[in-house]
Amino acid sequence: MRNWRKLTSTFAILLVASLVLSACSFGGGDSGDAKGNVINLIETAEPPNLDSARSTDSASFTILNNVNEGLYRLDQDSKPTLGMAAEEPTKSDDNKTYTFKLRDANWSDGKPVTAKDFEYAWKRAMNPDTASEYAFIMNAIDKAEEYNAGKAKAKEVGVNAIDDKTLEIRLKQDVPYLKDLLTFGTFLPQRQDIVEKHGEKYALDPDKMVFNGPFVLSEWKHESSFTYKKNDQYWEKDVVKLDTVNVTISKDATTSMNLYNTGKVDYTGVGSEFIDSNKDKPEYFLQPESTVFYTEMNQIKEDSIFKNAKIRKAVMIGIDRQTEMDKILKNGVPAAGFVSPAIRGNDDKKFRELAKVNIEYNPQEAKKLFDEGLKELGLDKAPTVEIVGDDTSGAKDDLTFVKEQLKQNLGLEVKITSVPFKERLERGKKGNFDLLLGGWAADYNDAMSYLEIFTTGYSYNRGKWSNKQYDELVKKAQANENFDERLEQLLEAEKIMIEDAGIAPGYFRSSPSLINQKIKDMHWHAIGPDYSLKWTYVEEGK
Amino acid sequence: MLKYTLKRLSYMVVTLWIIATVTFFLMHLLPGTPLKNEEKLPEHIKEQIMEKYGLNDPLPVQYLNFMGGLVQGDLGASYTQDGREVSGMIAEGFPVSAFIGGQAVVFGSIVGLLLGLIAALKRGTWMDNLSTMIAVFGISIPNFVLGALLAYFVGVKWGILPVALWESYASSIMPSFALALVVVAIISRYIRTEMVEVLDAEYMKTAKAKGLPRRTVVFRHALRNALIPAITILGPLTVNIITGSLVIEQIFALPGIGEYFVKSIVNNDYTMITGITIFYSILIVSVIFIVDILYGIIDPRIRLSGAKE
Amino acid sequence: MNTSEKLSPDLFKPAQLDSSEGEQIRKESVSYWQDVIRRFRTNIGAIVGLSIIILFIVMSFVGPYMNSYDISTQNYDIQNLESFSGDHYFGTDKFGRDLWTRAWYGAKISLLIAFLAAFLDVTIGVTYGGVSGYYGGRVDNIMQRFLEILYSIPNLIIIILMLLVFEPGIIPIALALSITGWVPMARIVRAQMMKLKSQEYVLAARTLGASTYRIMTKHLIPNVMGPIIVAVTFAIPSAIFFEAFLSFIGLGLRPPGASLGVLLNDGNKLLQIYPYQLFWPALIISLIMLSFNLLGDGLRDALDPKMRK
C-alpha cells in the first residue's frame with residue numbers, strides 16, 4: 001500500500017514536471033490586428049525547405065520571392081521587372097547569348113551580390129548531386145539538361161560570371177519567355193560560403209541563410225509560424241513599407257476562417273462552403289492561378305471506348321461545367337481550352353484572347369456523338385468506366401459531379417475511384433484507369449508549358465493520346481525563334497488538341513480569398529510565387 | 001526483479017526490431033516514390049535522383065542500410081521536409097502533443113473515475129443513468145465534430161478561448177477538453193463494470209462484517225481491485241491520445257506530431273514513416289512494461305503467478 | 001382462540017421423515033438464459049437502448065424507401081434545402097441529394113461495418129486472450145510478445161495500407177479495423193483469465209476432473225462476459241467512429257457512397273452555414289452511441305452469473 005502511494009506521487013510529480021516543461025514550447029502571441037506596419041497572413045502548409053535550388057512547392061517559392069531577388073522579379077501586374085539586373089541585357093547577334101549587368105546591391109549580412117552568386121546557385125541546382133527536383137526548369141540554358149543528366153561538365157553550361165557584376169547566359173535557342181522564366185525561384189542567387197558552411201542544414205532555419213530581397217526571415221517556428229522583417233540592406237528599401245509580416249500555418253479551411261473572423265489574421269483562403277456567405281463582402285477577391293483541371297482518356301487499354309474520337313468529344317462537351325462552377329465548386333470558370341487565361345500570348349494579348357477554339361457545353365450534340373461513336377465501335381451499350389481522381393474534398397466533388405453528368409447526358413455509367421495523390425500518379429503511370437482527373441499549373445508564362453506535355457511520349461501524357469499533326473506543330477514551335485510564327489503554331493496546336501478531344505479540359509481554377517481592406521498593394525501572381533509584399537502597405541485612419 | 005526487468009528489456013528490443021522490419025517492407029508496397037515533384041519530374045532525372053538516394057537498390061540492401069542507421073540511432077532525414085532530421089521533427093512536435101494529450105488523460109481519468117464510482121455505488125438509480133449519459137455524451141460525437149463545435153462557439157461566437165494556434169496556456173484548454181471526453185467515457189465505463197463486480201465479492205462482505213468504515217471498504221478494498229482493467233486500458237489510451245490527436249491538432253492548428261502519421265504515409269516519406277512508427281512503438285512498449293509492473297503492485301496475486309514463471 | 005376444540009392425540013404423531021424430500025425442486029427450474037432475460041427486462045435503460053438500436057436497424061433498411069429519392073441523383077435546383085422541405089425530411093445537400101435517404105443508407109453501411117468489425121474482434125480476441133491467459137507460462141509469454149508487437153505498430157499505417165491495396169468498402173474497412181482491433185479485447189480477456197484461474201472454484205472444478213474446455217466455456221468465459229460485453233459496446237461505436245475518421249482524412253468510402261462518417265464529415269464543414277446538414281447524422285450517431293452503452297450496461301448486469309439470486 002505504501003509502495004503504491006509512493007509510486008502515485010512520483011507519477012504525479014513527473015507528470016507535473018513534464019507539463020511545466022512542455023509549457024515552454026508555447027509560441028509567443030505576437031499576432032494581432034493589422035496595426036502600424038504589421039500584417040498577419042496565413043499559409044496552408046509548412047514550407048519544406050528554403051534552399052531555392054531544391055524547393056518545389058508554392059509555400060517555399062512565395063517566401064523566397066519575398067526574401068530574395070533574382071535578375072528579375074514579378075511586378076505589380078505580374079510582369080517581370082528588373083531586380084538584381086541593373087538594366088535590360090545586351091543580346092548577341094544570334095540572339096542566344098544574353099549579358100546582364102548587376103546593380104549594386106547587398107546581401108542582408110552586408111556583402112555585395114555578385115554574378116558569381118548566380119552562377120554558383122544555378123549550377124548547384126543543375127548538379128546531379130544536388131538532386132534538385134526542379135532543375136529541369138533551367139533546360140533552356142545551353143548544356144543545362146546534359147549537365148543535370150550527368151552528360152556534360154559544369155564548365156560547359158551556358159552560365160558564366162564574367163566579373164563580379166557581369167553575368168553571361170547562353171541559351172540553347174532564343175525563347176520569348178526568358179524574362180518570366182528568370183523570376184522563377186530556382187533562378188535565385190545563393191552564397192557559396194553560406195551554403196557550404198551549413199551543408200545539409202542550409203536554409204532549414206533563418207540563421208542558416210542570407211537574404212537579398214525586400215524582407216528577411218526573422219523567425220521560423222516549424223509547423224507553426226514564421227515572420228518577415230524589413231531588410232535594411234535591400235537596394236530599394238525605401239519602397240518597402242511593411243516592418244513585420246507574421247505568417248501563421250493553418251491547414252484546415254474552417255480554422256483559417258475562424259482565425260480571420262476573430263481578427264487574428266488579415267488574410268485567409270475561403271473554402272467552397274464559405275463562398276456564398278462571403279462573396280458579396282468587399283474583402284472578397286479571387287486570387288489568380290494558372291491551374292487547369294482536365295480529364296485524360298485512356299488510349300492504351302485494348303477495349304477502351306475512348307479510342308473513338310467522337311466518344312472523347314462527347315465527354316468533353318457533355319459536362320455542364322458552368323453549373324458545376326456556379327453551384328458546386330465555385331472557384332473557377334469553365335475551361336474554354338487547355339491553356340490558362342493567365343498565360344501571355346504576344347506583348348499585347350493573352351493566349352486565351354487569341355485562341356482559335358472555345359469549348360461549349362452541348363448535351364444534345366454530345367449524346368448524338370456518343371451514340372454514333374458506340375455504333376462505330378459496334379457496341380449497343382457503353383461498358384461501365386472507372387474515373388480515377390484525388391481524394392481531396394474538391395476533387396471528390398468534381399468526381400461526383402462528372403459521374404452524374406456523364407450518366408444523365410450520355411448514359412455512360414461511371415465508377416468513382418478517389419485515391420491519395422501518390423496512388424493517382426501511380427495509376428496514371430501504369431495506365432490503370434479509363435478516365436483520369438488531373439490538374440496542371442504552368443512553370444513559366446508560356447503556352448508551351450501546357451502544350452508540350454501532351455505530345456507523344458511525354459511522361460505526363462498518361463492517357464497516351466497521340467496526334468501526329470499536333471506533335472509536329474509543337475516541335476516546330478519549340479525550335480522557332482520567330483515569336484509571331486511560334487505563337488501561331490501553338491494556337492493551332494491547341495485547336496487540334498481540342499478538336500480531336502485529346503483530353504477534356506474542365507475548368508480554370510482561382511482561389512477565393514478574403515483580405516483586410518486596410519491592406520493595400522499586396523500583389524498576387526498566377527504563376528510562381530503566390531504574392532509579393534514588396535509594395536504592400538497598411539492604410540492608416542480606417 | 002532485476003532479472004525480470006532485463007528479460008523484459010530484451011523482449012522490447014526484439015519487438016522493436018520486428019516492428020521496424022515489418023514497417024520497412026510494408027511501406028515499400030506503397031505506390032509511388034518519396035520525391036516531392038514526382039508528378040512533373042522527367043523520368044530519367046527521377047531515376048537519377050532515386051539512384052542517388054539509394055532507392056533503386058534491391059530492397060534487402062536498402063533494408064541493411066536502414067538497419068545500420070537505426071542501430072546507430074539515426075532515423076535519417078525526412079524526404080518531404082528535405083534536410084530536416086526526423087528525430088528533430090518528432091522532438092519539436094512531441095511536447096505539444098504530449099501536453100494536450102497528457103492534460104486530457106489526467107483530467108479525463110479523474111472525472112471518469114468519479115463518474116464510474118458513482119454509477120457503481122448507486123447502481124440502477126437515476127444517478128447511475130445520469131453518469132452513463134455524461135460519459136456517453138463524451139464519445140457520442142466524433143472529435144472532429146466536437147472540435148469544430150467548440151472552436152466555433154467557444155472561440156468565434158463567445159470569444160472565451162483562442163480559436164486556434166499554440167500561443168499560451170489558454171490555447172491548450174479546448175484541444176485537451178475535446179480529447180478528454182473519450183477518456184472520461186472509457187475510464188468511467190471500466191470502473192463501473194469492475195466496481196459492480198468487486199462489490200459483490202466475498203471479501204467485501206468480510207470487510208464490511210469487520211465493521212470497517214464504508215470509505216475504507218470502497219477505496220482500499222474495492223477500488224484497488226477495480227482499477228486493474230482501467231490501468232490496462234489507460235496506458236495504451238494515453239499513447240493513442242497523444243499520437244492520435246491528428247484531428248484536434250489540425251482543427252486547432254497545433255504544431256504536434258499527430259499529422260505525421262497520415263502525412264508521411266500519403267507522401268511516401270519513408271524515413272518519417274519508420275521514424276514515427278518506431279517512436280510510437282517505443283512509447284507503447286514502455287507503457288505496457290510500466291503497466292505490467294503496476295499490476296504487480298496493485299494486485300499481489302499477479303505478482304505471485306508472475307514469479308512462478 | 002378456539003378453546004372448545006379438543007386436542008386429539010392424532011396431532012401428536014411424529015411426522016414421517018423423507019430425506020429425499022428436502023432435495024426436491026418444487027418450482028420449475030430457471031435456466032441461466034431465462035434468468036438473464038428476466039434481469040434484463042427490469043433494466044429500463046437497456047430496454048430503451050435495445051429498442052433504439054432495433055428501430056435504427058429497421059430504419060436503415062426501410063428509411064431509404066420512405067420517399068422517392070435515391071442516394072446519388074443530383075438536382076441543382078434544390079440545393080441545400082432546409083429540413084422538412086416537402087418529403088425531404090432532413091433537407092438536401094449541396095448536390096441536391098435527399099439527406100433522409102442518404103442518412104439511413106449511411107447508417108446501414110456504418111452499422112454493417114461496425115457489426116462485422118466487432119464480430120471479428122470478439123471471435124479472435126476472446127479465443128486468443130482466453131488461451132493465453134488460461135495456460136499462462138511459456139504459451140502466454142510467446143503469445144504476449146506477438147500481441148505486443150501487433151499492438152505496438154501504429155494501426156493507422158496498416159489500415160491506410162490496406163485501404164490503398166483494396167478499395168475502401170464495407171469489408172475492407174471492417175477487416176482493416178479488426179486487424180489490430182481485436183488486441184485490446186485479447187488483453188482484457190487475458191487479464192481477467194489470469195485473475196480468475198487462480199480462484200477457488202476453478203481449482204475445485206479442476207480437482208473434480210473437469211476438462212480444460214469445460215472449465216473455459218462453463219466457468220471462465222461466463223465470468224469474463226461482463227468485460228467482454230463492455231468492450232463490444234465500445235468496439236461497435238469506435239468502429240463507427242474510425243470509419244468517420246477515415247472520411248475525415250479522405251480515405252473513407254468513395255463518392256457517391258454514403259456512411260455516417262461521410263455525412264458527418266460533409267456536414268461538419270457546413271456547421272457554420274447549414275447546421276442541419278450536420279445535425280441529423282450527428283443525432284443518429286449519438287443515439288447509436290448512447291443506445292449501445294445503455295444496452296451494454298444492461299447486458300453486463302444481466303449476463304453476470306454472480307448476479308443470480
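Residues 9-30 of chain B are 86% helix and 0% strand, and their end C-alpha atoms sit 32 Å apart. In an unreviewed UniProt entry, this stretch is one of those in chain B annotated as "transmembrane region". Keep in mind as you explore that the model is predicted.

**Chain B: helices from end to end**

- Chain B has 13 helices and zero strands.
- If you read along the sequence, the pattern is simply α-α-α-α-α-α-α-α-α-α-α-α-α.
- The C-alpha trace of chain B spans about 85 × 60 × 30 Å along its principal axes.
- Of the 309 residues in chain B, 52% are buried.
- Take the contacts in chain B between residues at least 6 apart in sequence: 72% of them join residues at least 24 apart.

**Two domains in chain B**

- Domain 1 of chain B is made of two pieces of sequence, 1-80 + 267-309, while domain 2 covers 93-255.
- The C-alpha centres of these two domains of chain B are 31 Å apart.
- Where they meet, 11 residues of domain 1 of chain B are in contact with 10 residues of domain 2 of chain B.
- What classes of residue does domain 1 of chain B place on the side that touches domain 2 of chain B? That side has 10 nonpolar residues, one charged residue and no polar ones.

**Stretches annotated in UniProt**

- For chain B, the unreviewed UniProt entry gives "transmembrane region" at residues 9-30, 98-121, 133-153, 173-191, 226-252 and 272-298.
- Residues 173-191 of chain B are 100% helix and 0% strand, with 26 Å between the end C-alpha atoms.
- Chain C also carries the annotation "transmembrane region" in an unreviewed UniProt entry, at residues 44-66, 109-134, 146-164, 170-189, 224-253 and 273-299.
- Within chain C, residues 224-253 are 83% helix and 0% strand, and their end C-alpha atoms lie 36 Å apart.
- Residues 273-299 of chain C are 89% helix and 0% strand, and here the end C-alpha atoms are 41 Å apart.

**Where chain B meets chain C**

- 49 residues of chain B are in contact with 46 residues of chain C.
- Several helices of chain B give two or more residues to this side, among them α1 (2-27), α7 (170-199), α9 (214-243) and α12 (270-298).
- By class, the side of chain B that touches chain C has 33 nonpolar, 11 polar and five charged residues.

**Where chain B meets chain A**

- This contact takes 50 residues from chain B and 50 residues from chain A.
- The elements of chain B that give two or more residues to the side touching chain A are α2 (43-52), α4 (86-121), α6, α10 (246-251) and α12.
- Which helix gives the largest share of the side of chain B that touches chain A? The helix is α4(B), with nine residues.
- By class, this side of chain B has 26 nonpolar, 15 polar and nine charged residues.

**A six-stranded sheet in chain A**

- Chain A holds an open sheet of six strands in the order β14-β18-β13-β17-β15-β16, with mixed pairing.
- From one strand to the next, the twist averages 25 degrees.
- Strands of a sheet pair through backbone hydrogen bonds, either parallel or antiparallel.
- β17 (residues 435-440) of chain A runs parallel to β15 (residues 385-390) of chain A, and two bridges join them.
- With β13(A), β17(A) pairs in the antiparallel sense over six bridges.
- A:Leu435 in β17(A) stands opposite A:Ile387, and A:Leu435 is also the bridge partner of A:Met297.
- One position along, A:Leu436 in β17(A) stands opposite A:Val388.
- Is β17(A) mostly covered or uncovered? β17(A) is mostly covered, with five of its six residues buried.

**Helices lying across the sheet in chain A**

- Helix α10 (residues 321-329) of chain A lies across β14 and β18 (503-509) of chain A, at about 160 degrees to β14(A).
- Helix α13 (residues 393-410) of chain A lies across β13 (292-297), β15, β16 and β17 of chain A, at about 170 degrees to β16(A).

Notes
Residues numbered from 1 in each chain as written. Chains lettered and ligands numbered in written order. Predicted model: local features only at pLDDT ≥ 70, side-chain atom pairs only at ≥ 80, totals over all residues. Domains from an automatic or database assignment. Contact = placed C-beta atoms within 7 Å. Nonpolar A, V, L, I, M, F, W, Y, C, P; charged D, E, K, R; others polar. Pairing = 2+ DSSP bridges. Helix = DSSP H or I, 4+ residues; strand = E, 2+ residues; numbered from the N terminus. Axes fitted to C-alpha atoms, helices over the stretch in contact; angles between N-to-C directions. Buried ≥ 20, exposed ≤ 12 C-beta atoms within 10 Å, placed from the backbone. UniProt positions renumbered as here; feature names shortened; annotations may be inferred.
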